[in-house]
Amino acid sequence: MPLRWRRVVVRGPSMSPALRDGDVVLVTFGARPRTGDVVLVRWPARPGQLSIKRADRPAGAGWHVTGDNPYGSTDSAQLGPAEVLGVVRVRLWPSPTRLRRP
């Protein structure tokens, strides 16, 4: 499957300080996630909601993911494993930055 790229706008404080509300990131769809990657996910419990989180570890058919902000994130602790749709590679706006694993 060929890789596809798409711009995505970050909403909410869950990935602060790495990403903030309003940041625009570039997501690679079809890329294989690795532990520590920032990823775009969908929740089986909330199929209409997309979220940007950090991949912690594989969990069954999905991934256990968390937000970088422990005080402002809904993640796998509440919603269970998530389906990873793509890997966030760079922040495009407001300051272009390559995202790295911690």
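Me: Which residues is V25 in contact with in this predicted model, leaving aside its neighbours within four places in sequence?

Reply: In this predicted model, V25 is in contact with R6, R7, V8, V10, L19, I52, V88, V90, R91 and L92, once neighbours within four places in sequence are left aside.

Me: How many residues has the largest nonpolar core, and which have the most contacts inside it?

Reply: In soluble globular proteins, nonpolar side chains tend to be buried together. Here the largest nonpolar core has 13 residues, and those with the most contacts inside it are L19, V25, V27, V38, L40, I52 and V88. Two or more residues of this core come from each of β2 (24-29), β3 (38-43) and β6. The largest share, three residues, is that of β2. Another core, of 11 residues, lies apart from it and includes V41, W43, W63 and V87.

Me: What volume has the largest pocket, and which residues lie closest to its centre?

Reply: Rolling a probe the size of a water molecule over the atoms shows where empty space is left. The largest pocket holds about 220 Å³ of space. Its lining has 16 residues, of which R11, S14, L50, S51 and I52 are the closest to the centre. Strand β4 (46-59) gives the most to this lining, with six residues. By class, the lining has eight nonpolar, five polar and three charged residues.

Me: What classes of residue line the second largest pocket?

Reply: The second largest pocket, of about 170 Å³, is lined by six charged, four nonpolar and one polar residue. Among the lining residues are R34, D37, R89, R98, R100 and R101. Strand β6 (residues 83-93) supplies the largest share of this lining, three residues.

Conventions. Residues numbered from 1 in each chain as written. Predicted model: local features only at pLDDT ≥ 70, side-chain atom pairs only at ≥ 80, totals over all residues. Heavy atoms only, no water. 1 Å grid on protein atoms, 1.4 Å probe; cavity = no way out; pocket = protein on both sides within 12 Å on 5 of 7 lines; lining within 4 Å. Points joined across faces, edges and corners; volume = space filled by probe spheres on them. Helix = DSSP H or I, 4+ residues; strand = E, 2+ residues; numbered from the N terminus. Nonpolar A, V, L, I, M, F, W, Y, C, P; charged D, E, K, R; others polar. Core = buried A, V, L, I, M, F, W, Y, C linked by side-chain atoms within 4.5 Å. Buried < 20%, exposed > 50% of the residue type's maximum accessible area, 1.4 Å probe, protein only. Contact = heavy atoms within 4.5 Å.
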